[in-house]
Amino acid sequence: MDGGLTTVTRERMLSGGSDGLRLQEPRSRLRADVPDDRAIAYRVSLREVFDGLRALIGQVSGLLILAQARRGRDLRDMPTIAVARERWREAVETLGRLDPPADRAADRERLRLAADHIDAVLARIDRMRGGLTDPDIMDAARHLTAAYRLLQSICDHSIGLAMVDLRDACCCCGRTLGFEGAGT
Amino acid sequence: MTQYSIWVLEYAYVTKFHRSGVLYGAHNQGYLKLPYCYTVIKGNGHVAMVDVGYNDKDYGKAIADGLGVKNWHSPRTVLAEIGLRPEDVDTIFISHAHFDHFGNVEDFPRATFYIQEREIAKWVWAMSLPERMRFVLSGIDPGDILRGVELACNRRLVCVDGDCEDVLPGIDLHAAPDTHTWGSMWIAVRNDGRRESQDVWVLAGDLAYQFENLGDSGAGGAPDGMFIPVGLAVGSQMNLIATTEQMVKQVGNETRRVIPIHEERLRDRFPSRITDKGLRITEICLAGGVRSLVA
Ligand SMILES: [Zn+2]
């Protein structure tokens, strides 16, 4: 789990970009199970992109349901669309800085594809006039499903990449201490 | 005559759930078994359900490994125990959008789903919050919301705005805003079909996990203790308690008629049996002329 990462490491990664990474020396090899700083920094950024895109899929999906339920309303008026666009921009920016280790090389491409799918939906919402039609919504849903499947394909629960966020459910307090339990 | 039969069907369980998750403030009071269930309401020519559980194939292993959920079985297997198939279900009330309640819509190809519009709208808002506020997102799978889009386009998702009477004859939906979730709802079955019913059952969703939430230490009559909110909420304790008051009032203070589906001790109060898969079926009531499926 990377829950124990210090803010310092995270900020160094975010502000320092690849330079920040280069400055970091590999950790002692005495403990092979402890990832080196570069791997840790990668995980932080990877999860940032992953969580951002994952939340966007849920957010935009919900907007589509509301668009359908409140037929004819212009989604562009909803403030959450602006937030979605901003979050997408942030995710793509972090994605551009991702520097995956060899064994995770596929992550970046999949995330890029997922971001493209979400972009297509946001662009469609931007373009629409007078509300989305059912075919518009179904097409948007297909893009979001494709994005969801791409994220699913890089899920790794050992580093917190999961489609359902259970890290902070009340259950997880117990889990951290090694107990069982599940949020309901 | 009694219109509907009601069964609570266990589809998985957690053997060791911390008690403070169930009862607000019950710190250091150990663990209990927490069944994961959905409810079938059958009668009047309908097969309805409250909630659909989650789908094991997408992330079941992660949930099992990470959270200790055990013995998951599909709706096809679980419903077969009461002689039903998922395609027989025509109406589904989603008490709230947590993965273990809303996580398996695709297994019910013919059903129309009812959910509070507020539940969707507020999750949309919550998903736009900064990452550091993600506490409020726990238990939500964006994929469930995404599957809701397809349902909506196929006119199989009804977004309800507040209370709604007689969604099916004698079945009412009651909104419980800003409680366990932003748009939770509870379901009342007026089983004699009368407006001033003497035979009401309330299906509480996660507005009550266990008897103690209802001020009921086990006797099942009038509440004999104070209401205790559930341990997990994005709304307020006050709203949870006010909702509990409404639910208990609806059943004329006879708290045994409010059904908390995460309550293992339903077996002490209603006829039940364990299937060969090790899951419990609890028979809350039977419609006129219907034979027991647990005897
Ligand atoms: Zn819940």
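This is a predicted model: local features need pLDDT of at least 70, side-chain atom pairs count only at pLDDT 80 or more; totals for chains, interfaces and linings use all residues.
Local features need pLDDT of at least 70 and side-chain atom pairs count only at pLDDT 80 or more, while totals for chains, interfaces and linings use all residues; side-chain values use heavy atoms, with hydrogens and water left out. Residues are numbered from 1 along each chain as its sequence is written, and chains are lettered from A and ligands numbered from 1 in the order in which they are written.

Over all chains, the structure holds 35 salt bridges (a side-chain nitrogen of Lys or Arg within 4 Å of a carboxyl oxygen of Asp or Glu). One of them joins Asp139(A) to Arg124(A), with N to O at 3.0 Å. Asp139(A) sits in helix α5 (residues 134-153) of chain A and Arg124(A) in helix α4 (residues 105-127) of chain A, so the pair links parts 15 residues apart in sequence. Helices (H or I, at least four residues) and strands (E, at least two) are DSSP runs, numbered from the N terminus. Asp139(A) is partly exposed, at 21% relative accessible area. Arg124(A) is also partly exposed, at 24%. Buried means under 20% relative accessible area, exposed over 50%, and partly exposed in between (1.4 Å probe, protein chains only).

In chain B, Glu212(B) and Arg265(B) form a salt bridge, their closest N and O atoms 2.6 Å apart. Glu212(B) lies in the loop between β11 (200-203) and α7 (237-250) of chain B, and Arg265(B) in the loop between β12 (258-259) and β13 (272-274) of chain B, so the bridge ties parts 53 residues apart in sequence. Glu212(B) is buried, at 17%. Arg265(B) is partly exposed, at 25%.

Arg267(B) and Glu264(B) also meet through their side chains in a salt bridge, at 3.0 Å, N to O. Shared partners join Glu10(B), Lys33(B), Glu264(B), Arg267(B) and Asp268(B) into one network of salt bridges.

Strands pair if DSSP finds at least two bridges between them. β8(B) pairs with β9 (residues 171-177) of chain B in the antiparallel sense, over two bridges. Leu168(B) stands opposite Ile171(B) in β9(B).
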